[in-house]
Amino acid sequence: MAVAEQVVKTTTPPKQKQVGQSYWSLVWWKFKRNRVAVVGGIILLTFYFSFVFIPEFLSPYALNNSSDYTEAGPTRLHFVTPDGKFQLRPFVYGVEKKIDFTTRKRIFIEDTTKIYPIHFFVHGDPYKLFGLIPTDIHLYGVDQATNPDVRVLIMGADALGRDWFTRIMYGGRLSLLIGLIGQIMTLLFGTVMGVMSGYYGGWVDMVIQRTTEFLGAFPDIPLFMALAAAIPSFWSPLAVYFMLTLILSFVRWGGLARQVRGMILSLREREYVLAAKSAGANDNRLMFRHLLPGTMSHVVVIATLSIPGMILAETALSWLGLGLRPPLTSWGVLLQDAATVRAIHNTPWELWTVPFILVTILAYNMLGDGLRDALDPYGSR
Amino acid sequence: MSEQLSEPLLEVKDLHVEFDVRAGIVKAVDGLTMTINRGKTLGVIGESGCGKSVTARAILNMIPKPGKITQGEIIYHRRLRRQGSPQLDDIVDLVKTDPDGTIIRQIRGGEIGMIFQEPMSSLTPVYTAGTHINEAVSLHHLTPVRKVGDQIAEQVMAHRAVTKEEARAIAIDMLHRVGIPKPGERVDSFPHQLSGGQRQRVMIAVALSCEPALLIADEPTTALDVSIEAQILDIMRDLQQSANMAIMFITHNLGVIASMAEEIVVMYMGKVVEQGKVVEIFRDPKHPYTQALLKSIPQLGKKKAGERLASISGMTPDPFNLPTGCVFHPRCPMFMAGRCDKIHPTFKEVSKDHYASCLLYEEA
């Protein structure tokens with residue numbers, strides 16, 4: 001008998017461990033097949049990585065590096081030299097600032113005798129990569145050590161001669177993060193409140209639901225205005241930023257709480273809740289380990305689809321002058337710069353902010369739709 | 001033998017459970033008295049809605065709202081197991097414990113285990129890579145992924161101090177004991193990857209993992225097919241013998257109860273109508289309700305073709321408007337006018353260790 005067992009043991013090949021096809025692996029499998037959603041996800045990953053982690057590297061200049069290129073339009077990149085030769089490496093001409101006396105506008109005239117080639121990984125303004133590694137390498141630009149006065153402004157410059165593309169990237173950092181951080185806080189508030197509301201019922205439910213109704217009944221903008229006005233003006237811009245995130249999530253948790261509550265109301269009648277209770281689980285365990293996971297797929301979708309709202313709210317508030325203020329740079333602050341008739345006429349390139357906001361929000365919606373389909377992996381579609 | 005040492009484990013005395021719903025008060029359990037002895041099996045049978053499951057829930061003090069235990073006591077003879085110290089005995093009235101308190105939560109699962117009717121839905125289905133929120137607020141720490149094995153491991157950890165690895169080993173061992181093939185692999189399965197029978201075994205393994213003194217099995221095999229039912233019953237019998245565990249077996253399947261239980265309680269409309277040894281009740285049922293129940297079992301070869309199966313006439317009465325006197329009288333074939341509809345029968349010993357509540361056995 002023992003010998004036989006030995007033989008069996010040695011002859012059977014080592015089997016691969018059977019890995020359970022978990023819910024999330026099914027979700028991932030289905031998500032991958034949805035091209036639109038994957039594209040949305042990739043766009044967002046790119047944006048977040050570029051604007052949140054490495055805008056210092058991607059932008060040719062430091063955020064507040066002002067220059068003589070006041071309200072200069074986008075710099076033209078050239079491939080053909082004045083003597084008609086084509087070269088693969090783009091270059092820019094030096095410019096001369098003049099004033100057109102009929103229109104009273106600054107104009108920049110290209111000086112075709114001065115040719116500045118554009119290089120990758122050039123030395124420029126010093127910064128710390130990830131806030132840690134001191135360096136001065138930038139992704140592209142004209143070497144600033146030798147030609148400190150030449151600018152490559154692919155999206156033009158503002159009234160202080162700052163590179164607009166640089167500002168968009170730094171602005172994206174705050175705008176994208178406020179959406180994410182704010183949404184995480186909303187999730188915390190919303191799910192905890194929703195789970196408690198649905199699980200306990202009775203007066204707890206009453207208080208929480210009436211609170212969400214109360215918050216929901218306020219018109220958004222005046223409420224934001226009131227709350228934003230309450231932020232002391234002497235606070236540091238960063239403190240204002242976090243306060244704003246808190247305000248945004250405070251106003252928005254109600255909807256999520258209601259949806260979670262609804263789901264918990266049905267889930268709590270399931271047998272496994274009873275089974276867990278009869279196994280000695282306490283309320284916290286039942287709520288957060290047995291009931292909450294059942295709502296997670298829904299919560300993830302809601303969260304993804306409402307981050308754009310968060311970003312837009314920040315943009316709107318900053319645009320109204322109630323949210324972030326200079327010297328902080330966010331997309332809302334940038335839009336505020338571009339919001340005058342004069343700006344639209346003289347510096348239309350400042351509207352470059354808009355496509356970035358649009359693409360971000362579209363990408364979130366694409367991702368959210370894909371997640372919604374994928375999170376129901378047993379569904380027919 | 002231990003026959004004469006029938007030591008009570010759980011005594012239910014005059015239990016009343018009422019549900020105060022909008023249409024009135026439903027007396028789900030109405031003066032129930034019974035005793036479960038250590039290491040023995042008590043079968044509880046009756047029609048749907050006669051209060052079997054409510055009784056089981058009352059024992060764990062888990063009556064759902066708007067239900068309430070209005071009267072009676074459930075005396076639990078607790079035997080605290082502590083390694084290295086002498087056995088401590090304690091008597092707890094489960095009715096008086098705080099339903100959310102520590103004592104009852106220690107008893108639930110740890111000392112009185114329960115198996116439910118629906119194996120399909122009694123395991124938490126989506127246990128996902130736990131969210132940060134989830135982990136931060138939950139009491140226990142434990143495993144990142146909810147798999148079948150974790151459900152057992154979790155219970156072990158709640159009641160005994162063991163490490164995560166030990167808990168996993170226990171989980172695998174329990175799955176092995178309830179006869180799940182390849183327990184080392186199955187421990188990592190999600191509920192939806194298991195068949196109904198396997199899920200029910202996992203439920204049993206969960207209930208048994210802390211070696212409870214009492215196992216309440218609430219129709220544990222109703223949802224399973226016959227061959228798996230037989231396996232499950234075998235497993236329960238084996239485990240009962242090895243762990244000296246008492247079982248309260250709730251069912252409406254008379255065949256199952258005959259093979260499992262030593263003693264039977266027959267319930268009708270929240271009351272015990274007959275109680276006795278299983279052989280006694282099957283051979284010589286005293287109460288007309290029990291007699292009718294036994295007659296309604298289809299038996300192979302005993303009936304001629306075309307003959308109708310006996311059924312109990314009438315319907316279960318409206319719970320808001322129970323009949324006067326004996327609650328069974330409108331359906332009873334032995335109905336005695338002027339007596340059964342006026343007088344409440346008392347629970348009397350009709351022969352040795354055989355009790356029934358019927359006016360047939362009372363003096364006029």
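## Strand E8 of chain B

Strands E7(B) and E8(B) run parallel and are joined by five bridges. Within this pairing, B:Leu214 lies opposite B:Ala246 of E8(B). The model described here is predicted. Strand E3 of chain B, residues 41-45, also pairs with E8(B) in the parallel sense, again over five bridges. In that case B:Ile45 is the residue opposite B:Thr251 in E8(B).

E8(B) covers residues 246-251, and six of its six residues are buried. In a regular strand, side chains alternate between the two faces of the sheet. Both faces of E8(B) are covered: B:Ala246, B:Met248 and B:Ile250 are buried on one side, and B:Ile247, B:Phe249 and B:Thr251 are buried on the other.

## The eight-stranded sheet

E8(B) belongs to an open sheet of eight strands in chain B, ordered E6-E7-E8-E3-E9-E10-E12-E11, with mixed pairing. Strand E6 (112-115) and strand E11 (348-351) of chain B form the edges, each pairing on one side only. From one strand to the next, the twist averages 20°.

The antiparallel sense is represented by strand E9 (residues 263-268) and strand E10 (residues 271-277) of chain B, which six bridges join. Here B:Val265 is placed opposite B:Gln275 of E10(B). Helix H7 of chain B, residues 196-208, packs on the sheet and touches E6 and strand E7 (214-218) of chain B. The direction of H7(B) makes about 170° with that of E6(B).

## Domains of chain B

The domain assignment divides chain B into domain 1 (1-111 + 213-300 + 347-364) and domain 2 (124-209). Their contact takes 13 residues from domain 1 of chain B and 13 residues from domain 2 of chain B. On the domain 1 side, the elements giving two or more residues are helix H2 (102-110) and helix H8 (226-243) of chain B. H8(B) supplies the largest share of that side, six residues. By class, the domain 1 side of this contact consists of nine nonpolar, four polar and no charged residues.

Chain B as a whole has 11 helices and 12 strands. Of its 364 residues, 43% count as buried. Among contacts in chain B between residues at least 6 apart in sequence, 61% join residues at least 24 apart.

## Helix H1 of chain B

Helix H1 of chain B, residues 52-59, is mostly covered, with seven of its eight residues buried. The buried residues of H1(B) are B:Lys52, B:Val54, B:Thr55, B:Ala56, B:Arg57, B:Ala58 and B:Ile59. Just after H1(B), B:Asn61 adopts a positive phi of about 55°.

## Chain A: overall form and domains

Chain A contains 13 helices and five strands. The radius of gyration of chain A is 28 Å, whereas a compact globule of 381 residues would have one near 21 Å. The C-alpha trace of chain A spans about 90 × 70 × 40 Å along its principal axes. Of the 381 residues of chain A, 38% count as buried. Among contacts in chain A between residues at least 6 apart in sequence, 70% join residues at least 24 apart.

The assignment for chain A gives domain 1 (69-157) and domain 2 (166-374). The C-alpha centres of these two domains of chain A lie 40 Å apart. Five residues of domain 1 of chain A are in contact with five residues of domain 2 of chain A. The domain 1 side of this contact in chain A has two nonpolar, two polar and one charged residues.

## Helix H9 of chain A and its cover

Helix H9 of chain A, residues 271-278, is mostly covered: seven of its eight residues are buried. The buried set in H9(A) comprises A:Tyr272, A:Val273, A:Leu274, A:Ala275, A:Ala276, A:Lys277 and A:Ser278. The cover over these buried residues includes helix H10 (283-319) of chain A together with H2 and E6 of chain B.

H9(A) is followed by A:Gly280, which has a positive phi near 100°.

Terms used:
Residues are numbered from 1 along each chain as its sequence is written. Chains are lettered from A and ligands numbered from 1 in the order in which they are written. This is a predicted model: local features need pLDDT of at least 70, side-chain atom pairs count only at pLDDT 80 or more; totals for chains, interfaces and linings use all residues. Domain bounds come from an automatic or database domain assignment. Two residues are in contact if their C-beta atoms, placed from the backbone, lie within 7 Å. Helices (H or I, at least four residues) and strands (E, at least two) are DSSP runs, numbered from the N terminus. Ala, Val, Leu, Ile, Met, Phe, Trp, Tyr, Cys and Pro count as nonpolar, Asp, Glu, Lys and Arg as charged, and the others, Gly among them, as polar. Two strands pair if DSSP finds at least two bridges between them. Axes are lines fitted to C-alpha atoms, for helices over the stretch in contact, and angles run from 0 to 180 degrees between N-to-C directions. A residue is buried if 20 or more other C-beta atoms lie within 10 Å of its own, exposed if 12 or fewer, and partly exposed in between; C-beta atoms are placed from the backbone. The radius of gyration is taken over C-alpha atoms; the globule rule is 2.2 Å times the number of residues to the power 0.38.
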